[in-house]
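Colleague: Before I use this model, I would like to hear what stands behind the terms applied to it. Could you take me through them one at a time?

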Amino acid sequence: MSQALTCNTCGERTELKPDTVCPSCFNPLEITYDYDTIGGQLDAEQIAGRSASMWRYAELLPEVNGGAPDTPVGWTPLIRARRLGKALNMPNLYIKNDAVNFPSLSFKDRVVSVALAKAVDFGFRTVGCASTGNLANALGAQATMLGLRSVILIPHDLEQQKISASACYNTQVVKVNGTYDDVNRLCTELTYRENMGIVNVNLRPFYSEGSKTVGFEIAEQLGWRLPDQVVVPMAGGSLISKVGKAFGELVQVGLVREKQAAIFGAQATGCAPIAALVKSRGEELTPVKPDTVVKSLSIGAPADGHRAARTIRSSGGWAEDVSDEEAVAAISLLAETEGIFTEAAGGVTVAVTQKLLKLGKLDQEAVTVICITGNGLKTADLVAHRTERLPVIEPKYSSYTTLVNQKETAYAGTV
Amino acid sequence: MPARFEFLGPLKQLVEGQDVVEVEATSVGGALEELQQRYSELSKRLLAEDGTLHRHINIFVNEEDIRFRENLQTALTAGDQITVISAIAGG
């Protein structure tokens, strides 16, 4: 088997199938690859000639019968963040901008692309997910594109923008009276009681591999080198773990030189079980009941919490959390400096970067990448206060000049 | 009336594939001890070496995660519905 589902605890290997738990010891299953063979066949020049999508790294993603999907998911911009860097006194700062990912404007488009390709392979006609919002959008869009029936289960109190977008696709949205963790339990039950491909339950080993492409793209866009530091938001802890896995794989197949990138995790204080685990220096994660406006990071019992903490610790990184107010302020900071409008999770990531700098955990001079994982249009209500004092004028030139004269200082740079 | 345990997915093998097993016990931990008498592999597979619940296993009593109650000391009353399920999901 060139690829296998491998238990990351007891090492048992099985063929690729819709399963997430080792039948022997009940620990998570992980897709493993034949890195020696891949390393001997794959080089940077080959990849450069491929399509501008996350599937340019197909050898390091789950095999798909009939070939990789041709939807242009991924290959999002890596921005040299000079203005934010100046504000933070970080001259080598970059933004990985998945706020413009295709088709639904978050990094979840990546994981869904892999999960649904495998769902088709495995013959599922109905797919589904438990979602904090971004995954709902991604699954609704891509299931529609593939003509799959889909069911999206969400906590009832998600941001209206995310619910509206999901409801527009050819999918069934179900609001559940409970937290994300309640929804997740229900979806796990559905997996075993119904014949469904739930992307973050029985398709999870495939789904989560899609997150690695964030790490692959960062390295390629930096000229096939790993960053010194990367700051990643954490909900279930899968993305940050897979960014770590991606960096390790690139070293293993010889696409980058060996180097330890320090990996930093970001959470909202109202739901920070992984950051708490890292900061406690302990071994066991304590689940929490989320209490934050940052809905997309509101997972109180994160499935990959321990793994995320291990990834952070072994890399020499750290984790921090910030208040909702700090996160919302950082949404504006990123928009004002870089012209990137991110959702609340992005605000958390930028604000945690600020906090890590203040604490001396980040090296200010080092090549640092902040991962922005979702678009601000999805949580626009959080910054509605920015519109409260906007001027309103009559449609007359004189009204405009009067306003400009009143606001001379504020408008000086734009008029 | 006993408590009703359901083991879902791969965990079902622990109770020899039965859909529902019924147990008379006053706590989740007590129920697992009782089930251990019937199914010899059960405790070894569900519990960590220190006797706590394995980190990749979730137990819900009437849909509520026992980690938000009293863990294995969570009290059981007659007719409670207990679901034992893998924690490897979501995110």
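Modeller: Let me begin with contact: two residues are in contact if their C-beta atoms, placed from the backbone, lie within 7 Å. This is a predicted model, in which local features need pLDDT of at least 70 and side-chain atom pairs count only at pLDDT 80 or more, while totals for chains, interfaces and linings use all residues. Residues are numbered from 1 along each chain as its sequence is written, and chains are lettered from A in the order in which they are written.

Colleague: Which residues is A:L139 in contact with, leaving aside its neighbours within four places in sequence?

Modeller: With those neighbours set aside, A:L139 is in contact with A:V112, A:V127, A:C129, A:S150, A:I152 and A:V199. A:L139 is also among the residues with the most contacts inside the largest nonpolar core, which has 145 residues; such a core is a set of buried Ala, Val, Leu, Ile, Met, Phe, Trp, Tyr and Cys residues joined through C-beta atoms within 7 Å. This core draws at least three residues from each of domain 1 (78–104 + 211–386) and domain 2 (108–208) of chain A, whose bounds come from an automatic or database domain assignment.

Colleague: How many residues of helix α9 of chain A are buried?

Modeller: Nine of the ten residues in helix α9 (residues 212–221) of chain A are buried, and the helix is mostly covered; a residue is buried if 20 or more other C-beta atoms lie within 10 Å of its own. Among the buried residues are A:V214, A:F216 and A:I218.

Colleague: How many residues make the contact between the two domains of chain A?

Modeller: The centres of domain 1 and domain 2 of chain A, taken over C-alpha atoms, are separated by 24 Å. Their contact takes 24 residues from domain 1 and 18 residues from domain 2.

Definitions and conventions. Buried ≥ 20, exposed ≤ 12 C-beta atoms within 10 Å, placed from the backbone. Helix = DSSP H or I, 4+ residues; strand = E, 2+ residues; numbered from the N terminus.
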